[in-house]
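These are my notebook entries on a structure that I looked up entry by entry. I begin with a term, then turn to the strands, the rings and the charged pairs.

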Amino acid sequence: MAQNRSRNGSPKLTSYVFHLYISGASPRSKRALANVKEICEEHLKVRYDLKVIDIFQSPAQLEPDHIVAAPTLIRKKPLPVRRFIGDNLFDKDKLFSGLAISDAA
């Protein structure tokens, strides 16, 4: 099931857009989701939109983003688009650095 997560629902404050593709409730998917949420909550507060897509429940959504493995995180905005696959989602420091998140409001 796809679900959008925005802290206050205001598109004006959303400066980061993420799509996280997971495979059901697997331990790897849960860990990836927890790491992404923790980084977003700690550093972005209300400035992000996280769409979580379960590849088993929404297989049609795999093609537009060319998903071949899960978990996969795509930072859609700001540009350039960045992708993180598998083990790259489990080291929070490495993930935070790769996401190039600016704490400036």
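Entry 1, terms and model. I call a residue buried under 20% relative accessible area, exposed over 50%, and partly exposed in between, with a 1.4 Å probe and protein chains only. I note that the model is predicted, that local features need pLDDT of at least 70, that side-chain atom pairs count only at pLDDT 80 or more, and that totals for chains, interfaces and linings use all residues. Residues are numbered from 1 along each chain as its sequence is written, and side-chain values use heavy atoms, with hydrogens and water left out.

I looked up ring pairs: rings of Phe, Tyr and Trp (its six-membered ring) pair if their centres lie within 6.5 Å, and planes under 30 degrees apart count as stacked, over 60 as edge-to-face and the rest as tilted. The search of the whole structure returned 1 aromatic pair. Its members are tyrosine 16 and phenylalanine 18; the ring centres are 6.1 Å apart and the planes are at 15°, so I recorded the pair as stacked. Tyrosine 16 is buried at a relative accessible area of 5%, and phenylalanine 18 is buried at 1%.

I took helices (H or I, at least four residues) and strands (E, at least two) as DSSP runs, numbered from the N terminus. Two strands pair if DSSP finds at least two bridges between them. Strand β2 (residues 16-22) and β3 run parallel and are joined by 7 bridges. I found lysine 51 in β3 as the bridge partner of histidine 19. Between β2 and β3 the chain passes through helix α1 (residues 27-43), in a right-handed β-α-β crossover. Right-handed means that, with the strands pointing away from the viewer, the path from the first strand over the helix to the second runs clockwise. Of the 7 residues in strand β3 (residues 48-54), 6 are buried.

I located isoleucine 74 in strand β4 (residues 72-77). Is isoleucine 74 buried or exposed? With 1% relative accessibility, isoleucine 74 is buried. Counting contact as heavy atoms within 4.5 Å, and leaving out residues up to four places away in sequence, I list among its partners Val17, Phe18, His19, Tyr21 and Asp65. Tyrosine 21 is 53 residues from isoleucine 74 in sequence, yet their C-alpha atoms are 8.4 Å apart.

Side chains of opposite charge can pair when their charged atoms come close. I counted a salt bridge where a side-chain nitrogen of Lys or Arg is within 4 Å of a carboxyl oxygen of Asp or Glu. How many salt bridges does a search of the whole structure find? It finds 3 salt bridges.

- Aspartate 87 pairs with arginine 28, with the closest N and O atoms 3.2 Å apart. The pair links the loop between β5 (82-85) and α2 (92-99) to helix α1, across 59 residues. Aspartate 87 is exposed at 55%, whereas arginine 28 is partly exposed at 39%.
- Lysine 92 meets glutamate 38 at 2.9 Å, N to O. Lysine 92 is in helix α2 and glutamate 38 in helix α1, 54 residues apart.
- Lysine 76 pairs with aspartate 65, the closest N and O atoms being 2.5 Å apart. Lysine 76 is in strand β4 and aspartate 65 in the loop between β3 and β4, so the pair ties together parts 11 residues apart in sequence. Lysine 76 is partly exposed at 24%, while aspartate 65 is buried at 7%.
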